[in-house]
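Here is a short report for a reader new to this chain. Look over the sequence and the structure first.

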Amino acid sequence: MANYKEAPLATQPKTLDPAEYFNLSPDYRRAEEKRAALRAQLKRQYLEQLNNPHRKALIEDPALTRWTYARTNNNYFRPTAKTSLIGGLFGVLPLFVLYVVFKTDRDKREAKIKAGTYERPYKLST
């Protein structure tokens with residue numbers, strides 16, 4: 001640890017920060033030790049299930065279950081006035097504008113054809 005030089009673009013690890021490492025209360029250290037023991041116990045239990053050669057059932061992985069739940073139940077979208085406006089601007093408005101542009105062009109061309117003043121750009125026959 002004596003030869004450690006702090007990188008210019010990286011933050012110092014928590015284990016090397018003296019304020020975070022040496023000035024901890026005994027209660028905080030006990031709580032961290034309990035959490036570490038619980039994590040180690042869960043990891044050991046999972047590895048025992050994973051490496052059991054006589055396993056018949058599926059292994060329940062809590063991290064995978066949480067990830068699947070978060071992926072399927074996306075509760076982050078809230079319909080508000082802003083999201084409705086953005087959806088209308090990018091979803092409905094372009095379709096309506098394209099409909100109006102094509103419809104007016106078609107109506108003008110049809111009126112010219114009926115009046116006999118329309119010059120066809122592509123001649124099908126000579």
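## Terms and model

A pocket is found on a 1 Å grid over the protein atoms alone: it is an open set of points where a 1.4 Å probe fits, with protein on both sides within 12 Å along at least five of seven lines, and lining residues have an atom within 4 Å of a point.

The model is predicted: local features need pLDDT of at least 70, side-chain atom pairs count only at pLDDT 80 or more, and totals for chains, interfaces and linings use all residues. Residues are numbered from 1 along each chain as its sequence is written, and side-chain values use heavy atoms, without hydrogens and water.

## Overall shape

The chain has four helices and zero strands. Both are DSSP runs numbered from the N terminus: helices are H or I with at least four residues, strands are E with at least two. The order is α-α-α-α. The radius of gyration, taken over C-alpha atoms, is 34 Å, well over the 14 Å of the globule rule for 126 residues, so the chain is more spread out than a compact globule. That rule is 2.2 Å times the number of residues to the power 0.38. The C-alpha trace spans about 95 × 50 × 40 Å along its principal axes.

## The largest pocket

The largest pocket has a volume of about 230 Å³, the space filled by probe spheres set on grid points joined across faces, edges and corners. Its lining includes Arg 39, Tyr 46, Glu 60 and Arg 66. Helices α2 (26–50) and α3 (62–72) each give two or more residues to this lining. The largest share, six residues, comes from α2.

The lining divides into four nonpolar, two polar and five charged residues. Here Ala, Val, Leu, Ile, Met, Phe, Trp, Tyr, Cys and Pro count as nonpolar, Asp, Glu, Lys and Arg as charged, and the others, Gly among them, as polar.

## Helix α4

Helix α4 covers residues 81–115. Its 35 residues should span 51 Å at 1.5 Å a residue, and its end C-alpha atoms are 48 Å apart, which agrees. The expected span is 1.5 Å times one less than the number of residues.

A kink of about 40 degrees lies at Leu 93, shortly before Pro 94. The bend is the angle between axes fitted to the seven residues ending there and the seven starting there. Gly 116 follows α4, with a positive phi near 85 degrees.

An unreviewed UniProt entry places a "transmembrane region" at residues 84–102; such annotations may be inferred rather than shown by experiment. That span is 100% helix, with its end C-alpha atoms 26 Å apart.
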